[in-house]
Amino acid sequence: MSPRADAARNRTAVLQAADEVFVEHGVTASTEEIARRAGLGIGTVFRHFPTKEALLKAVYEQRLEHLAARASTVGTGHAPPTWFREFFADLATSSAEKLILADALSELRLDTDPEVTARLRSAVGALLQRAQTAGIVREDVSFDDLIALLIAAGRAAQATADAQTRTRLIDVILDGLEPRG
């Protein structure tokens, strides 16, 4: 049985507000602020997410689901030759918030839903294969290599406030991913 339309809207509003609040104030942000931002009562927040940790996990998994959906479509059809660089750079610069959430989940010892992880792994693996087939990424780059480099690029972006430095660091990584010769 699917949830009532208003319950589904409320859950969506809570997730969106929580994502914004966690990005702005970190994972120590109050659930009261999340409820206020969502335009709902605190009871509604806890009805959907019984603990702050459950809400944090849901926000993180939603981000992973969005990433998987995006990775599934990027580089398909008539994509410009720069699609992989643009995707990687955008992901690296926007992943600082995701890394904060991932670190918090790790500290709390909360595991990501294996189905969400599997969908993301499949989508990013297919994206890597498309990039290698298109001759954009070296053939010897594995899925694990790509993930490690994305994390490194995200950490580099997180560590510097200077946009020019961030761009240069990401470009260095992307240049290393290009086929040799």
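## Terms and model

Contact here means heavy atoms within 4.5 Å of each other. The structure is a predicted model.

Helix α4 covers residues 52-73. Just after α4 comes Gly 75, with a positive phi of about 85°.

Glu 61 lies in helix α4. Is Glu 61 buried or exposed? Its relative accessible area is 14%, and under 20% counts as buried, so Glu 61 is buried. Apart from neighbours within four places in sequence, Glu 61 is in contact with Asp 111, Thr 112, Asp 113 and Val 116. For one of these, Thr 112, the C-alpha atom is 6.8 Å from that of Glu 61, although the two residues are 51 residues apart along the chain.

## Packing of α1 and α4

Two packed helices are described by the distance between their axes and the angle between them. Helix α1 (residues 5-25) and α4 have axes that come within 10 Å and cross at roughly 95°. That angle makes α1 roughly perpendicular to α4.

On the α1 side, the residues in contact are Val 14, Leu 15, Ala 18, Asp 19, Phe 22 and Val 23. On the α4 side they are Lys 52, Leu 55, Leu 56, Ala 58, Val 59, Gln 62 and Arg 63. By class, the contact of α1 with α4 has nine nonpolar residues, one polar and three charged.

Helix α7 (residues 143-159) has 17 residues and reaches 24 Å from its first C-alpha to its last, close to the 24 Å expected at 1.5 Å a residue. Which residues of α7 are buried? They are Phe 143, Leu 146, Leu 150, Ala 153, Gly 154 and Ala 157. These cover an arc of only 100° around the axis, which places them on the same side of α7.

The axes of helix α6 (residues 114-133) and α7 come within 10 Å and cross at roughly 100°. The two helices are therefore roughly perpendicular to each other. Arg 121, Val 124, Gly 125 and Leu 128 of α6 meet Phe 143, Asp 144, Leu 146 and Ile 147 of α7. This contact divides into five nonpolar, one polar and two charged residues. Phe 143 and Leu 146 take part in it, and both are buried.

Methods. Residues are numbered from 1 along each chain as its sequence is written. This is a predicted model: local features need pLDDT of at least 70, side-chain atom pairs count only at pLDDT 80 or more; totals for chains, interfaces and linings use all residues. Side-chain values use heavy atoms; hydrogens and water are left out. Helices (H or I, at least four residues) and strands (E, at least two) are DSSP runs, numbered from the N terminus. The expected span of a helix is 1.5 Å times one less than its number of residues. Buried means under 20% relative accessible area, exposed over 50%, partly exposed in between (1.4 Å probe, protein chains only). The arc is that of the directions from the helix axis to the C-beta atoms. Axes are lines fitted to C-alpha atoms, for helices over the stretch in contact, and angles run from 0 to 180 degrees between N-to-C directions. Angles under 35 degrees count as roughly parallel, over 145 as roughly antiparallel, 65 to 115 as roughly perpendicular and the rest as oblique. Ala, Val, Leu, Ile, Met, Phe, Trp, Tyr, Cys and Pro count as nonpolar, Asp, Glu, Lys and Arg as charged, and the others, Gly among them, as polar.
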